[in-house]
Amino acid sequence: VEAVHLIADGKAPRIPQPKEGATYEGIQKKENAEISWDQPAAALHNWIRGHDKVPGAWTTINGQMVTFYGSSLLDASVPAGQELTIKGASRPGLVTKNGLVIFGNDGKMVLVRNLQFEDGKMIPASKYFSADETTALELTEEETKIAEDIR
């Protein structure tokens with residue numbers, strides 16, 4: 001009650017907040033969001049989810065920065081998938097039909113659903129090995145004529 005009266009009377013003490021540590025901007029830098037692989041699966045999951053969407057937790061795969069989005073803990077047997085070597089990870093990840101399975105240092109698993117590459121392209125993690133496959137667009141004669149008219 002006394003504190004409320006001090007505030008109402010305008011006599012409550014005011015302590016200025018120090019400038020140091022007064023913002024979260026330093027945390028939200030991309031270089032601070034690199035994944036440290038020597039952690040249990042729960043810590044990896046929390047790191048990825050904690051950086052989802054900005055700035056995005058990232059690692060290096062095949063010499064390229066890849067950002068992970070949409071993780072969940074996976075409590076099941078190790079699924080079948082294609083191995084993916086991840087720099088710094090003690091065990092390769094697995095590209096499965098549901099996404100990328102990564103392993104903590106405790107042997108438990110985390111499922112990552114989406115990956116984003118340095119060029120900004122985002123794909124479902126399950127499509128990692130088929131991401132480079134593209135099909136040529138084939139136009140019918142009518143569509144070709146329309147394309148020429150547009151040009």
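## Contacts, cores and backbone geometry in a predicted model

In this predicted model, the side chains of Thr67 and Lys30 make a polar contact at 3.0 Å. A polar contact is a pair of N or O atoms within 3.5 Å; within protein, one must be able to donate a hydrogen and the other to accept it, and residues adjacent in sequence count only if both atoms are side-chain atoms. Residues are numbered from 1 along each chain as its sequence is written, and side-chain values use heavy atoms, with hydrogens and water left out. Local features need pLDDT of at least 70 and side-chain atom pairs count only at pLDDT 80 or more, while totals for chains, interfaces and linings use all residues.

Thr67 is found in strand S2; helices (H or I, at least four residues) and strands (E, at least two) are DSSP runs, numbered from the N terminus. Thr67 counts as buried because its relative accessibility is 4%, where buried means under 20% relative accessible area, exposed over 50%, and partly exposed in between (1.4 Å probe, protein chains only). Leaving aside neighbours within four places in sequence, Thr67 is in contact (heavy atoms within 4.5 Å) with Lys30, Gly56, Ala57, Trp58, Asn114, Leu115 and Gln116.

### Nonpolar cores

A nonpolar core is a set of buried Ala, Val, Leu, Ile, Met, Phe, Trp, Tyr and Cys residues joined through side-chain atoms within 4.5 Å. The largest has 21 residues, of which Phe68, Leu100, Ile102, Val112 and Leu115 touch the most other members. Two or more residues each come from helix H2 (41-50) and strands S1 (57-61), S2 (64-74), S5 (99-103) and S6 (109-117). Strand S6 gives the most, with 4 residues. Apart from this core lies another, of 5 residues, including Leu94, Phe103, Met109 and Leu111.

Not counting residues up to four places away in sequence, Val112 touches Ile48, Phe68, Tyr69, Gly70, Ser71, Gly99, Leu100, Ile102 and Ala125.

### Annotated region

The UniProt record (an unreviewed entry) places the feature "domain: Formyl transferase C-terminal" at residues 29-130; UniProt positions follow the numbering used here, feature names are shortened, and annotations may be inferred rather than shown by experiment. Over residues 29-130 the chain is 10% helix and 39% strand, with the end C-alpha atoms 30 Å apart.

### Backbone geometry

Most residues other than glycine have a negative phi, and most peptide bonds are trans. The peptide bond from Asp52 to Lys53 is cis, with omega near -10 degrees, and a cis peptide bond also joins Val54 and Pro55, with omega about 0 degrees. Asn62, in the loop between S1 and S2, has a positive phi of about 50 degrees although it is not a glycine. Asn62 counts as exposed, at 64% relative accessibility.

### Salt bridges

The count comes to 3 salt bridges, each a side-chain nitrogen of Lys or Arg within 4 Å of a carboxyl oxygen of Asp or Glu.

| Arg49 | Asp52 | 3.0 Å |

Arg49 is partly exposed at 42% relative accessibility, and Asp52 is partly exposed at 25%. Lys145 and Asp149 are separated by about one helical turn because they are 4 residues apart in helix H3 (residues 141-150). Lys145 counts as exposed at 55%, and Asp149 counts as exposed at 56%. Arg151 is exposed, with a relative accessible area of 73%, whereas Glu148 is partly exposed at 49%.
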